[in-house]
Amino acid sequence: MSQMSDRADRPPAHAAAERADCCVVGGGPAGAVLALLLARQGLAVTLLEAHGDFDRDFRGDALQPAALDLLGQLGLADRLLAVALARMPAFPVRTPSETVPQHDVSRLKTPYPFMTIVPQVRFLDLVVGEARRCPAFRLVMGARVEALVQDDDGRVRGVRYRARDGRHEVRTQLVVGADGRFSRLRGLAGLEPVRTASPVDILWFRLPREATDPAGGAYLGDGGWVALQDRGAQWQLGYSLAKGGYARLRAEGVEALRRSVALRVPWLGGRTDALRDWRQTSLLAVEACRLRRWYRPGLLLIGDAAHTMSPVGAVGISVALQDAAVAANVLGPRLRAGDVRVADLAAVQRRREWPVRLVQAYQGLVQGWMLSTRRGATAGRVPLGFRILARLPFLGDLGARVFGLGVWPVRLSPSPTPAPPPTPAPAAHSPLPARG
Ligand SMILES: Cc1cc2nc3c(=O)[nH]c(=O)nc-3n(C[C@H](O)[C@H](O)[C@H](O)COP(=O)(O)OP(=O)(O)OC[C@H]3O[C@@H](n4cnc5c(N)ncnc54)[C@H](O)[C@@H]3O)c2cc1C
């Protein structure tokens with residue numbers, strides 16, 4: 001029997017079914033924030049996360065103003081900023097010979113006009129810690145969902161998952177798949193994404209950072225770019241390489257990578273010997289994709305599971321959080337009424353699909369500009385697209401808005417039940433100076 005044909009009328013012999021108003025699969029940014037929002041509305045929420053903890057290296061750490069804005073609305077922004085490693089009001093584009101200001105979010109109308117770097121583990125610990133204060137919230141770590149529970153007419157009624165202590169089943173009004181770019185639920189539900197090929201992959205690694213270093217940004221040269229994110233004592237580098245070029249780069253040896261980094265970011269050249277082993281690196285196969293339909297009866301997909309974002313612009317988390325906020329606004333009241341309809345799921349997609357598609361289209365445009373640096377007589381100069389954005393403030397602000405706010409901000413509906421008061425921020429918080 002295939003997993004797709006696990007019917008609701010055949011409960012597993014191995015365990016009694018658990019019950020929840022909503023079962024969220026995936027404890028990444030989208031799933032954790034949605035679970036918190038629904039739990040604060042007094043709903044019984046089960047959050048299932050496949051890993052045993054939230055500690056992952058080389059995951060999204062840069063938060064755009066839109067993400068901070070939502071966390072501010074949740075009363076969590078101060079506590080998040082207290083553990084931030086850096087703030088950046090802009091992300092300039094540079095070549096070894098020139099710098100063009102770019103994506104200056106400091107001019108946006110938002111309470112948090114800067115990007116910030118927060119290790120994802122701190123972010124998720126904070127959100128989940130807050131959700132734990134809601135009595136009907138349940139988190140199961142190490143819980144890998146393997147099957148959907150469905151009626152004969154295909155309506156999703158729950159999920160089956162494997163945990164350390166065996167196999168379990170959750171029955172629920174609504175399953176939300178927030179299980180990321182390789183979404184298992186997407187496959188189980190038979191939802192096929194439309195994929196956009198990317199000409200590049202990204203290799204992530206870290207190098208030492210010194211207080212006197214120039215600001216982060218996108219450094220163009222040697223046929224690609226390096227995105228430099230400030231992590232306090234370290235730089236996190238996102239090094240672009242031609243799609244599928246990783247095997248060749250490895251065959252050439254770490255020394256070839258060090259040389260290339262020094263060509264793209266000359267002032268870092270003296271520190272590249274800190275990179276000794278490929279195990280210090282992490283390869284991201286870049287792709288952008290989106291579902292035509294984000295739902296089936298009883299099931300909604302959000303975040304990367306519904307639309308994997310390219311890393312350009314560091315927008316994946318803020319877009320995922322906005323999905324979660326809209327889903328909570330639309331579906332919270334329906335879940336409380338015990339009446340979630342397909343039209344409600346369609347309403348979530350309708351509100352989110354166009355902002356997501358616009359951001360993806362803009363990411364494609366910016367990526368094209370970044371790659372154009374290697375061509376023809378303009379090699380070595382900041383590409384024309386970035387120059388135009390820098391020269392025309394209206395267009396520059398539009399670009400900053402698309403990345404910084406995700407096209408437009410999302411407001412949370414007021415919570416129908418009093419949320420527990422947020423835990424105060426640590427007293428010793430001293431705001432970080434803005435850099436860049
Ligand atoms: C290397 C890298 C760097 C990035 N940098 C940035 C950045 O700086 N800024 C930014 O905004 N974005 C960045 N992104 C993108 C960003 O991380 C994602 O867009 C964002 O995390 C999407 O959130 P999500 O909750 O939808 O999915 P994810 O964060 O992928 O979370 C999905 C969760 O589901 C869990 N899961 C998967 N399968 C199952 C299952 N079967 N059962 C239960 N749980 C399951 C996973 O363990 C995971 O915890 C980066 C991505 C990568 C890979």
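Reader: What links Y219, W235 and W267 into a cluster?

Author: In this predicted model, ring pairs link Y219, W235 and W267. Rings count as a pair if their centres lie within 6.5 Å. By this rule the count comes to 7 aromatic pairs.

Reader: Why is the pair of F205 and Y239 called tilted?

Author: The planes of F205 and Y239 stand at 45° to each other, with 6.5 Å centre to centre.

Reader: What does the pair of F205 and Y239 tie together?

Author: F205 belongs to strand 13 (residues 200-208) and Y239 to strand 16 (residues 234-242), so the pair joins parts that are 34 residues apart in sequence.

Reader: How do you know whether F205 and Y239 are buried or exposed?

Author: Buried means under 20% relative accessible area. F205 has 0%, so F205 is buried. Y239 has 5%, so Y239 is buried as well.

Reader: Why is the pair of W369 and F386 edge-to-face?

Author: The planes of W369 and F386 are at 75° and the ring centres are 5.2 Å apart, so the pair is edge-to-face; the cut-off for that term is over 60 degrees. W369 is in helix 9 (residues 342-372) and F386 in helix 10 (residues 384-391), and this pair links distant parts of the chain, 17 residues apart.

Reader: What makes W369 count as buried?

Author: The relative accessibility of W369 is 18%, and the cut-off is under 20%. W369 therefore counts as buried. F386, at 1%, also counts as buried.

Reader: How do you know that the charged end of R293 sits over the ring of Y295?

Author: The charged end of R293 is 5.3 Å from the centre of the Y295 ring. The rule asks for a distance within 6 Å and a position within 35 degrees of the ring normal. R357 likewise lies over the face of W354, at 4.6 Å from the ring centre.

Reader: What makes the pair of D213 and W235 a polar contact?

Author: The side chains of D213 and W235 are in contact at 2.8 Å, and the limit for the N or O atoms is within 3.5 Å. D213 is in the loop between strand 13 and strand 14 (217-221). At 12% relative accessibility, D213 counts as buried.

Reader: Why is D222 called partly exposed?

Author: D222 has a relative accessible area of 41%. Buried is under 20% and exposed is over 50%, so a value in between is called partly exposed. D222 is in the loop between strand 14 and strand 15 (224-230), and its phi is near 50°, a positive value in a residue other than glycine.

Reader: Which side chains place a polar atom by an oxygen atom of the ligand, and at what distance?

Author: An N or O atom in the side chain of E49 is 2.6 Å from a ligand oxygen. For a polar side-chain atom of H51 the distance is 2.8 Å. G316 has a backbone N or O atom 3.1 Å from an oxygen atom of the ligand. The protein buries 91% of the 990 Å² that the ligand exposes when taken alone.

Reader: How many residues surround the ligand?

Author: The ligand is surrounded by 34 residues. They divide into 16 nonpolar, 10 polar and 8 charged. Helix 8 gives the most to this shell, with 3 residues.

Terms used:
Residues numbered from 1 in each chain as written. Predicted model: local features only at pLDDT ≥ 70, side-chain atom pairs only at ≥ 80, totals over all residues. Heavy atoms only, no water. Near = heavy atom within 4 Å. Polar contact = N/O pair within 3.5 Å; in protein donor to acceptor, adjacent residues only side chain to side chain. Areas by Shrake-Rupley, 256 points an atom, 1.4 Å probe, with all protein chains shown as cover. Helix = DSSP H or I, 4+ residues; strand = E, 2+ residues; numbered from the N terminus. Nonpolar A, V, L, I, M, F, W, Y, C, P; charged D, E, K, R; others polar. Phe/Tyr/Trp six-rings, centres within 6.5 Å; stacked < 30°, edge-to-face > 60°. Buried < 20%, exposed > 50% of the residue type's maximum accessible area, 1.4 Å probe, protein only.
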